[in-house]
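Here is a short briefing on a metal site and some backbone details. Look at the structure first, then read on.

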Amino acid sequence: MTQDIVDPRTLDRLADVAISVGLNLQQGQDLILTAPMDALPLVRRIAAAAYRAGAGVVTPIFSDEELTLARYRNAQDESFDRAPNWLLDGMAAGFASGAARMAIVGDDPMLLAEEDPEKVARAGKANSIAYRPALEHIANFKINWSILSYPTLSWAKRVFPDLPDDDAVAKLADAIFAASRVLGEDPVSEWKAHNAALAERTAWLNGKRFDALHFTGPGTDLKVGLADGHEWMGGASTAQNGVTCNPNMPTEEVFTTPHAAKVEGYVRSTKPLSHQGSLIDEIEVRFEGGTITEARASKGEQVLLKLLDTDEGARRLGEVALVPHSSPISQSGLLFYNTLYDENAACHIALGQCYSKCFLNGASLSEDEVKAKGGNSSMIHVDWMIGGAETDIDGIAEDGSRVPVFRRGEWAR
Ligand code: ZN
Ligand code: ZN
C-alpha cells in the first residue's frame with residue numbers, strides 16, 4: 001500500500017546509495033538482508049541494485065509484525081527461551097564465507113509495548129545468545145555491513161499519530177530520505193562530502209587522545225574515561241575485509257570506546273529510548289567504577305532493569321558518541337522511536353558490547369587485548385541519548401588539563 005505513497009524514483013536512489021555507499025558491495029559478494037515485509041518495495045530495488053553491482057546471491061530474511069505478535073499471544077512459556085539457532089548459525093556461516101550484511105529497519109517501535117516484559121526480555125536474551133556468532137562479525141567489523149530504514153505504515157503512525165495513514169507515511173518518507181541524503185541529484189557526491197566532514201572531526205579527536213570526556217547538562221555530571229588506545233570513528237570506515245562502507249544511513253555521529261571501569265557520576269537521558277517495543281523515558285543512572293549502581297526511569301523502568309541484568313557487561317558502557325544539537329535529525333524536531341535516527345540527533349552512550357574497531361590497530365587485537373584496554377563485553381549494545389541544547393563537554397588530557405569539546409550542544413572548536 002505504501003508503494004503508491006513513497007516516490008519510486010527516490011526509492012531507486014536510496015537502493016543505489018545503499019549498495020554503492022552503504023555497503024560498497026563487491027563484485028561476486030553475497031548479501032544477507034533482513035527486513036520487515038512492508039519494506040518489500042525497497043528490498044526488491046536493493047536486490048536489483050546489488051545484482052547490477054555484481055552480487056553473488058542476495059538472500060532476504062523477512063519479519064512480520066503480526067507473526068511476532070502471534071508468538072507472544074499463543075506460544076507456550078518455554079518458547080521464550082528459544083531462538084532459531086539454525087538460522088542465526090547460518091547467517092554466521094554466511095558472514096564467515098564473506099557475505100555482506102544489510103538490515104532494513106521499519107517495524108512499529110512499540111510493537112511489544114503491551115506484551116509481558118518478562119517474555120520480551122527472555123526472548124531478547126535467547127536471541128542475543130543465538131545471534132552472538134553472527135554478531136561477532138559485525139561488532140568486530142570483519143565484513144562490510146549497513147543499516148538503513150523504510151517508512152512502514154506502523155512506524156509512521158507512531159511518529160505522526162494524528163495524521164491520516166497516507167500523510168503519515170509520506171511525512172516519514174520525507175524525513176528518512178532527507179536524513180539519508182538521497183533527495184539531491186547526486187547523492188553519492190553528497191555522501192562523499194559528508195564522510196569527509198566527519199573524518200575531520202575524528203582526526204581532531206584522535207590527535208587529542210583525551211583520557212576522558214566530562215559531560216555536564218541538566219541532570220548530568222558524567223566523566224567517561226576513554227579506553228586505552230581508543231580510536232574515534234565516524235562516517236565511512238574500512239572493514240577487516242578491506243571494504244570501506246557506511247554502516248549507518250543516516251549517520252551524524254563520531255564515536256569511540258569508553259573504558260569499562262572508568263565511568264563516574266550521574267547522567268539523565270534527553271530523549272526516550274525505544275527498546276524491543278517498549279519505551280523507556282527519563283532514564284537516570286549513577287556510575288561508580290564504570291558500572292551502573294543506581295538506575296531509574298519515569299517510564300519502562302522494569303524493562304530498563306531487566307536490560308541491565310542481561311549480563312555483567314550490560315551495566316557498563318561500550319560506546320560514547322558525539323552529535324551536535326544542530327544535526328539535521330535533531331533539527332527535524334521529530335522523535336523517531338528508532339535508534340538509527342534518534343541516536344543521530346544527540347550525543348549518546350551505549351550500554352554493553354564495545355566496537356573493537358574503535359582501537360588503534362583494532363583489527364589485530366584479540367578479545368583479551370580489547371578487554372585489557374578497557375573495552376566492554378556484553379550480549380547487548382543499547383544506545384541512549386544524553387545530549388541536548390545545554391550539553392557541555394570537556395576533553396580531559398592525561399595531565400588533567402581541559403579542552404572544550406562541546407559548548408551548549410555544539411562543537412566548541
Ligand atoms: Zn552510536
Ligand atoms: Zn551504538
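Glu319 bridges the zinc ion (ligand 2) and the zinc ion (ligand 1), and the two ions lie 3.4 Å apart. This is a predicted model: local features need pLDDT of at least 70, side-chain atom pairs count only at pLDDT 80 or more, and totals for chains, interfaces and linings use all residues. Residues are numbered from 1 along each chain as its sequence is written, chains are lettered from A and ligands numbered from 1 in the order in which they are written, and side-chain values use heavy atoms, with hydrogens and water left out.

**Zinc site**
- Donors are N, O and S atoms within 2.8 Å of the metal (3.2 Å for Na, K and Ca); water is not among the atoms, so sites may look incomplete.

- Glu319 is buried, at 2% relative accessible area.
- Buried means under 20% relative accessible area, exposed over 50%, and partly exposed in between (1.4 Å probe, protein chains only).
- Asp383 is also buried, with 7% relative accessibility.

**Backbone details**
- The peptide bond from Met249 to Pro250 is cis, with omega near 5°.
- Asn24, a residue other than glycine, has a positive phi near 50°. Asn24 is partly exposed, at 26%.
- Arg408, also not a glycine, has a positive phi near 45°. Arg408 is exposed, at 57%.
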